[in-house]
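Subject: Structure handover

Hello,

Here is the structure for you to look through. Please open it before you read the notes.

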Amino acid sequence: MSFVVAIDGPAAAGKGTISKAVARHFGFAHLDTGLLYRAVGAKTLLGRDAVEAAQALTPEDLEDNDLRTPEVAQAASQVAVIADVRSALVAFQRHFAGRDGGAVLDGRDIGTVICPDADAKLFVTASAERRAERRYLELIEKGHDVTRGQVLEDVVARDTRDRERATAPLIAASDATEIDTSDLSIEQAVAAAVAAVSAKMPG
Ligand code: C5P
């Protein structure tokens, strides 16, 4: 059986946590597509050309432990505006989505561009302040030296770039179920997501 769940939304809205939980609940594979852009962004920080890096990307590149830094996040959102970078990453994502046994992909353009025919689509949002606070606590816990103000600025800058870019901008698919996690606990957000996906399952 193949069943595709597309989960999109802005930075730090809870997509990662929800996607992993949905994948675990249904026994599906999960791809965090942000890692593809982060891996390309990380290579540009080392001086590589973004399009060449995207074309040469391998699954092993996604296992780099240093992809979760704020510097790499900014570099990722800068390479993500380049149409040739995006098109170089399409085949990898669609191949993942087509696997037997079901797949959850999370990102910005999964329900609109990568898998417009996905069986279930979610758009996960939260206020910029809530998202920045969560990302701040995550980064502090990992030992990063950041302030709340810097993290809010970073989140807002990435959102603006993601929403305003010409190719595959961040926007909810017209048939996506929106989940605003601003006032939800993780358990409540996951339950809402699981219910929305279940509603799209046959039988
Ligand atoms: O989701 P994450 O924060 O890891 O993504 C990093 C950046 O990669 C985003 O800010 C966005 O610019 C880009 N991205 C994208 N399309 C995706 C996933 C991520 O443009 N499907």
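This is a predicted model: local features need pLDDT of at least 70, side-chain atom pairs count only at pLDDT 80 or more; totals for chains, interfaces and linings use all residues.

Residues are numbered from 1 along each chain as its sequence is written, and side-chain values use heavy atoms, with hydrogens and water left out.

The whole chain

The chain has nine helices and five strands; these are DSSP runs numbered from the N terminus, with helices being H or I of at least four residues and strands being E of at least two. Their order along the sequence is β-α-β-α-α-α-α-β-α-β-α-α-β-α. The radius of gyration is 16 Å, close to the 17 Å that the globule rule gives for 203 residues, so the chain is as compact as a globular protein of that length. That radius is taken over C-alpha atoms, and the globule rule is 2.2 Å times the number of residues to the power 0.38. Along the principal axes, the C-alpha atoms fill a box of roughly 50 × 35 × 30 Å.

Of the 203 residues, 50% count as buried (under 20% relative accessible area; exposed is over 50% and partly exposed in between, with a 1.4 Å probe and protein chains only). Take the contacts (heavy atoms within 4.5 Å) between residues at least 6 apart in sequence: 80% of them join residues at least 24 apart.

The aromatic rings

There are two aromatic pairs. Rings of Phe, Tyr and Trp (its six-membered ring) pair if their centres lie within 6.5 Å, and planes under 30 degrees apart count as stacked, over 60 as edge-to-face and the rest as tilted. F3 and F28 make a tilted pair, at 5.8 Å centre to centre and 35 degrees between the planes. This pair links distant parts of the chain, 25 residues apart: F3 lies in the segment before strand 1 (4-8), and F28 in the loop between helix 1 (15-26) and strand 2 (29-32).

The centres of F26 and F28 are 5.6 Å apart and their planes are at 25 degrees, so this pair is stacked. F3, F26 and F28 form one aromatic cluster.

Regards
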